[in-house]
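Biologist: Before we discuss this assembly, please show me the sequence and the model, and then let us go through it one question at a time.

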Amino acid sequence: MNIVKLGKKKIMFLHIVGLVVFFGAWELAVRTGLLPHQVLAAPSEVLNTFILKLTETKPDGDTIINHFFISFRLALSGFVVAVGVGIPLGLFMGYYKALDMYMTPIFEIVRPIPPIAWIPIVILILGIGMGAKVFIIFVAAFVPCVINSYLGIKLTNQTLINVSKTFGASDWQIFRTVCIPSSLPMVFAGVRTSLGASWGTLVAAEMLASTGGLGYMIQMGRTLIRPDIIIVGMLTIGFTGALMAKGLSLMEDKIAPWRSKQ
Amino acid sequence: MKQSTKNRLYLLLPILSVLTLLAVFTLLSSQEGTLIPTPIEIWKRFWDMMTIQISKATLPVHVWVSLKRVLTAFVAAILLGVSLGVFLGWSPTFNALVSPVFEILRPIPPIAWIPLVILWFGIGEMSKIFIVFIGSFVPIVINTHSGMNSIDPLLINAGLVLGANRSQLLVDVALPATVPAILAGIKTALSGGWMCVLAAEMIVAKQGVGFLIVRGQEMGDMSQIVVCMLVIGIVNVLMSTCLTKLEGVLCPWQFKKAK
Amino acid sequence: MAVQKSKINLTNVSKAFATKDKTVQVLKGISLDVCENEFLVILGPGQCGKTVLLNIIADLESMTSGEIQFASGKPKMGQLGVVFQRYALFPWKSVMGNVEMNPKLKGVDKRTRRELAQKYIDLVGLAGYENALPQQLSGGMKQRVGIARAYASESDILLMDEPFGALDAQTRYQMQAEILNIWERKKRTVLFVTNNIEEAIFLGDRIILLGGTPTSVKKEYVPDLPRPRSYTDAGFYALRSEIAANTDLAL
């Protein structure tokens, strides 16, 4: 949109400059004591701690790899169940009015309640085991899936439906061969949101009630006043989230390359 | 079946589903030794909490405390977020410099910032406000940036031939064209911010709705928890509705119909 | 015919676009004259680069080679009136807001520019709609706002890029008569681009036919028909057939 266009090389150069300035200033600020060392660790320390934590279980009780797998497994379980239930539900709700009218009120009551708000009640009923956490993640991931799948069906181009009708297709056939494929971009948008929600809620759940996982790790970092551990955890959480989103994107390109404009 | 009969039956369904929900609830809560409160208990508890103080404040006060934190952080998030988003969209140089850092920080869930922020600011107001700020700032920047990038080039051309210089192009063309996207970002940011204040309050607070819910959990008081959950949901809906109304006022050109 | 003063002169204008693997030559050696106060129509099939040519004249795009001379000196941005096919109205501004945009950007005070804008709103027949938003208007009305806005730049030259291309047939015929009406009342030098042969003959003092790959000037026609012209006139039809025979089809 702009009148100025930068060449690829220049952009890459500026990227590097930006990163160097940011990390350099950060490192210097901590080294020279400009920013207090008790509350912030320099990038070099963070890197050190990360490498150390790959094998060292002290001081928080486990290696970062184990923490990662605990978190990843939990998030994925909740996510997969949510997607498996949410997408079909949303698709059917979008197409069959009876189901829509029946489910929507329940949905509209549940939807505005943030997933995190479910944590206390779930813990009271299900304890602090894996089941509780998976359920909370399920609630967080379920809602966006349903909504987006529902919208995806609702937004099916009426002209396509009409064309199918002129071919003599039944309601079910139209649903299967027109509405569902047409809704895939929105379904994927919902899955993408769900993924982010799963991961974020998992971290919250682990911070509130857990003995392992990345969320637990950063809480421990706070208790032990080890900002380097906290930052290592934060960056790992962020990086994993970004990686999963990228993986999803690649899957979407394979399954539904006709993505609608975001 | 006639369409009109069908339509009338359709209208029955929502009523049916709410009744089913209440029925299931009542059934579960009347079982021996269950913790689940009956709908009536919840109703009574709600009115209790409206007048009786928990931790030196009634329910409305707690809600207001939470809201205040959200709104304070929100104002800062809008001012800084829109500015950053506009700059990222307008200056390719600035974008190239700043995006990598933003892209590293962006995927970190705001909740994951809580331990670090507590380390920085202690357990006072600032911690909670800062978390909400992070949670709102990011969607606003992303939406504003995206809005700037999606401006119809035709409008830019029109601005150019009408004689706009670079700053006029930004202020008189680009910014108004981006307002719908900014508002969309603000909507996302508001419910995101509300979630963040909850999380922050659940971990470290002495007042606020998040605190109330955790208090209920500590006391094993299910009714309190359920009341809080419902109140949180209602506030969420109210905020969304207000924002949608605001959208209608600020961007009338998106909604008025052609004659 | 009396010798007319040249308002804009294009000599050997060419434009090539560089894509990933090759260079695409869109325009080659376009040379033409636009005479003062004439209604010149540039006619060409779809996708031939007519818009690119107009953008080059309006200084929105650069040319690869060639020269453009303006009799009154090269206009700065804001000194040319341009009408776009897709209206390009600012949706958040009312009709008045859109039309007064040019003088506003130039720093003209409110009262003067409002009077100026009102003059042109009246000229295009939209008096009473000053406070309407673009999406409350029909296509034809929107384009009239576009025309008023271009006129309000008080430039001697008006560039129009297929302004009626987005309108339905009925409105299109109406607007063709309208634009001539407006032009007769407030004479300007008009450069009008279209892909519609009838429209070209109906409107133009002169018609320049573009064609070929890369696009160049094919032929020039001067409709020797008195105004107001009629689509069903024999002379009109004859000229139409002649031009059609010479026109490339864009598939």
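Modeller: Let us begin with a contact between chains, where 16 residues of chain B are in contact with 22 residues of chain C, two residues being in contact if their C-beta atoms, placed from the backbone, lie within 7 Å. This is a predicted model, in which local features need pLDDT of at least 70 and side-chain atom pairs count only at pLDDT 80 or more, while totals for chains, interfaces and linings use all residues. Residues are numbered from 1 along each chain as its sequence is written, and chains are lettered from A and ligands numbered from 1 in the order in which they are written.

Biologist: Which element supplies the largest share of the side of chain B that touches chain C?

Modeller: Helices here are DSSP runs of H or I with at least four residues, and strands are runs of E with at least two, numbered from the N terminus. On the side of chain B that touches chain C, α7 (153-161) and α8 (166-203) of chain B each supply at least two residues. The largest share, six residues, comes from α7(B).

Biologist: How many residues of the side of chain B that touches chain C are nonpolar?

Modeller: Ala, Val, Leu, Ile, Met, Phe, Trp, Tyr, Cys and Pro count as nonpolar, Asp, Glu, Lys and Arg as charged, and the others, Gly among them, as polar. By these classes, the side of chain B that touches chain C has two charged residues, three polar ones and, as the number asked for, 11 nonpolar.

Biologist: Which residues does C:L105 touch, not counting residues up to four places away in sequence?

Modeller: C:L105 lies in helix α3 (residues 101-106) of chain C, and it counts as buried because it has 21 C-beta neighbours inside 10 Å. The term buried requires 20 or more other C-beta atoms within 10 Å of the residue's own, whereas 12 or fewer make a residue exposed and values in between partly exposed, with C-beta atoms placed from the backbone. C:G78 is 27 residues from C:L105 in sequence but 8.5 Å away in space, C-alpha to C-alpha. Apart from residues up to four places away, C:L105 touches C:G78 and, in chain B, B:L162, B:G163, B:A164 and B:Q168.

Biologist: Why does C:G146 count as buried?

Modeller: C:G146 belongs to helix α5 (residues 139-151) of chain C. Leaving aside neighbours within four places in sequence, C:G146 is in contact with C:V83, C:F84, C:Y87, C:A88, C:L89 and C:P163. The residue counts as buried because its C-beta neighbours inside 10 Å number 26.

Biologist: What is the handedness of the crossover from β6(C) to β7(C)?

Modeller: Two strands pair if DSSP finds at least two bridges between them; β3 (residues 39-43) of chain C is joined to β7(C) by five bridges and runs parallel to it, with C:V41 opposite C:F192. Strand β6 (residues 157-161) of chain C also runs parallel to β7(C), with five bridges between them, and C:L159 stands opposite C:L191. A crossover is right-handed if, with the strands pointing away from the viewer, the path from the first strand over the helix to the second runs clockwise. The chain passes from β6(C) through helix α6 (residues 169-185) of chain C to β7(C), and this β-α-β crossover is right-handed.

Biologist: How many residues of chain B are in contact with chain A?

Modeller: Two pairs of chains touch, and the most contacts are between chains A and B, whereas chain A and chain C do not touch, their nearest C-alpha atoms being 10 Å apart. Chain A contains 10 helices and zero strands. In its contact with chain B, chain A takes part with 48 residues and chain B with 51 residues.
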